[in-house]
Amino acid sequence: MLPDQAIAIEARGRIPAHGTFAVAVGPRQPGWSVLADPGSLENYLRYFLLPRRIDPGAPWILCFACDRAAFPGAQPVWEDSAEGLAILRRPP
Amino acid sequence: MTERALAGLAALNVAYALVGLSLLWGLRAFRTWGALLRLAGLGYLVGLAAFGVLWTALLVVGVPFGGIGIVVSLLVLAAAGVVSGRLRGCRLERGLPRIGGTPMVLVSAAGIALAGLFLEALFRASRLLSLQEYDAWAFWVPKGKAIYFFDGLDTRLFTTTPNASYPPLQPILDAAAFHAMGGADVVTLHVQFWFVIVGAIGAAAGLLHGRTPPWLLWPPLLLVLVVPRFGERLLAPQGDVLLDVLVAVAALLLALWLRDAAGWRLAAAAVLLAGGANTKREGILFAACVLAAAFVVSRPRRWPRLLGASLAVGLAVLPWRIWTARHDISSGTPPSFDTGRIGGALRLSFDVLYSNARWSVLPLVATIALVAAAVWGDRRLAGYVGLVAVGLFAGGVWSTVGFPDLAITADESGNPIVRYTGSMVFLAAVAVPLLLSSVWRKGDEP
C-alpha cells in the first residue's frame, strides 16, 4: 500500500496521539512498489494513525513526492529522498 | 498479541454468550442444563446481536462508549433475561442432550471432531493475521478504532469514510474487543471473528440437533467452513460474514418456528435480524426477505406475531437511519433501475452462485435438496427456503442493475456480488439438513 512503510512508523512515533496531520501526494515515483496506490494513501494513513486525525491545516504533513512549495515554512523532520517521502512540520 | 489480550477477548465473548443465554432463558427457550448447552451457540449470537443493537441506539443518542458502559450494558441485558425468566417461573433442571443411538453418536462425534480440527487451525491463523483487506482498513476497522478512541460516533470520521451509510454494529463489536484486549490491536482483532464462526457453527448444530440425522447435519456445516471463498475470508475484519451468519441462523429459527410455533424462536430470530439490519445496508433487505417468506408460508393466525417481530426489527433500524439522515448521508439504496442491465446482472448472479471455484457444490446440493423436498418432503419448508433464496437472489440482481457504477463482473473490486452471495451459501448450509431430512422421513415433520 505504502511506497515505504517507514514513513508510517515514523509518523506514528513523532505525531502526538491526539495530534493532526495532512497527507500530500505527488506523482508516482519510479522506485515505488506497484502495490503503492497514490489514491488510497490518505485513507490508509487515516486508519493506521488513528487516534491522530486528518486535518488539511495540520502542523504535520506526510509528503509523498509532494510539491513542498505548497507548504511554505514547513521543514522536514524525517526524509527518504530516494522514494520522495518526507514528514514535514509547519512552524507553530 | 499478548495472552492478556486473548484472555480479555475470551472473557468478552463468554459474556456475550451468557447474556444471550439469559435472554433465551427469559424467553423460555430451555428448561434443562442439556438444552442450555445445546443452545450455547445461539445464545452467543443473540447476546452479540442484542449488545450491538443496543449500543447502536445508545451511540446515536450520544451515550459514551467505554469499559464501564460495556460492562453495565451486558449486566443490564443479562438481568433483563434473568428477571423475565424468574417472573415467568422458569427453572433449570438436570438433563443432558439426547445424542441418539450408537452409530449416530459416532457420526456426531466425527462431525464435532472435524469441525474442532478446522476451528483449531483457524484459531492459529487468526492469532497472527495482518490486516490486509481494503474494506477492512478503509472503513470497517477505522470506525471501530474511532468508537474506541473517541467514545462514540465521531462525525469527522463517520461521515467521510467510504460506505458512510453502513450501520455501526460491527465497529461497535470491534471497539468492545479493543477495550477487552486493552488496546487497538488489529492483529488479535481477527480472533473476534473466529469467535463468531465458532458461535455460528454451534448455533446451527444446536438448533438442528434432534431435528435432522447427524449424517445429514454435519457435511453441509463442515463444507461451508472450507469452501474456497470462505476458507480465505472467514476472518476478514469486515461485517460480511457476521451478516451472513446472523441472517442464516435467523432464517433457520423461523423455519423451525413455522413447524412448532415456539415463541422464543421468533423472538430470537427478530434479535438476529435486527443485528443483521444494523450490520450492513443489505441486512435490511435480507431481513425483509426472511420475514416476507415467513408471512407467505405461515397460517394467517400467526401473522400478528410475525408482524410484531417485523415491527421490532424495523424499530431497531430506526436510530441509525435517523443519524444518517441528520448528517446528510445517502441511504445507499440503488439510485436507478436500468433495464438494459437486467440480463447481464441475472447471468452474473447465477454464475457467481453456482461457481464451484467459490462455493464448491453447496449451492447445487441445496438446489437439489430444495426440489427434492418440494416433491417428496416438507413442501411448506421447501416453499419457505425457496422464497428466501429467490428474494436474496433478486436483491443481488437489483443491486447490480440499480448501481450503474458497478461493473457487471465477479471481480470484487468492481462489484460486491460475491460478498453478497455469501448469505445464500450460509443459508444453503443450514437449510440442506432440514430439507433432506424431510425427504428422508418422507415429509413427516421431525
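A crossing of two helices is called left-handed if the near helix is turned anticlockwise from the far one by less than a right angle, and right-handed if clockwise. In this predicted model, helix 18 of chain B passes helix 19 of chain B in a left-handed crossing. The axes of helix 18 (residues 362–376) and helix 19 (residues 379–402) of chain B come within 7 Å and cross at roughly 145°. On the side of helix 18 of chain B, the contact is formed by Leu370(B), Ala373(B) and Ala374(B), while helix 19 of chain B contributes Arg379(B), Leu381(B), Ala382(B), Val385(B) and Gly386(B). Sorted by class, this contact between helix 18 and helix 19 of chain B comprises six nonpolar residues, one polar residue and one charged residue.

The confidence scores give the setting for such details. The model as a whole has an ipTM of 0.90 and a pTM of 0.94. Chain B has a mean pLDDT of 93, with 97% of its residues at 70 or more. Among the elements of chain B, the highest mean pLDDT, 98, belongs to helix 3 (residues 40–60), and the lowest, 81, to helix 11 (residues 228–233).

Ser360(B) lies in the loop between helix 17 (356–359) and helix 18 of chain B, and its phi is near 55°, a positive value in a residue other than glycine. Ala261(B) is placed in the loop between helix 12 (240–260) and helix 13 (263–277) of chain B, and its 14 C-beta neighbours inside 10 Å make it partly exposed.

Lys143(B), in helix 6 (residues 134–150) of chain B, has a charged side chain by class. Is it buried or exposed? Lys143(B) counts as buried, because it has 25 C-beta neighbours inside 10 Å. Leaving aside residues up to four places away in sequence, Lys143(B) touches Leu157(B), Phe158(B), Thr161(B), Pro168(B) and Pro171(B). Asp154(B) is eleven residues from Lys143(B) in sequence, and their C-alpha atoms are 8.5 Å apart.

Chain A contains an open sheet of five strands in the order 2-1-3-5-4, with mixed pairing. Strand 2 and strand 4 (75–80) of chain A stand at the edges; each has a single partner strand, so one side of each lacks a neighbour in the sheet. Strand 3 (residues 60–64) and strand 5 (residues 85–89) of chain A run antiparallel and are joined by five bridges. Within this pairing, Leu62(A) has Ile87(A) of strand 5 of chain A as its bridge partner. Helix 2 of chain A packs on the sheet, where it touches strand 1 (20–25), strand 2 and strand 3 of chain A, and its direction makes about 155° with that of strand 1 of chain A. In the loop between helix 2 and strand 2 (53–54) of chain A lies Pro51(A); the peptide bond from Leu50(A) to Pro51(A) is cis, with omega near 10°.

The two chains meet where seven residues of chain A are in contact with nine residues of chain B. Helix 2 (residues 41–49) of chain A gives the most to the side of chain A that touches chain B, supplying four residues. By class, that side of chain A has four nonpolar residues, one polar residue and two charged residues.

Methods:
Residues numbered from 1 in each chain as written. Chains lettered and ligands numbered in written order. Predicted model: local features only at pLDDT ≥ 70, side-chain atom pairs only at ≥ 80, totals over all residues. pLDDT = per-residue confidence, 0-100. Helix = DSSP H or I, 4+ residues; strand = E, 2+ residues; numbered from the N terminus. Axes fitted to C-alpha atoms, helices over the stretch in contact; angles between N-to-C directions. Buried ≥ 20, exposed ≤ 12 C-beta atoms within 10 Å, placed from the backbone. Pairing = 2+ DSSP bridges.
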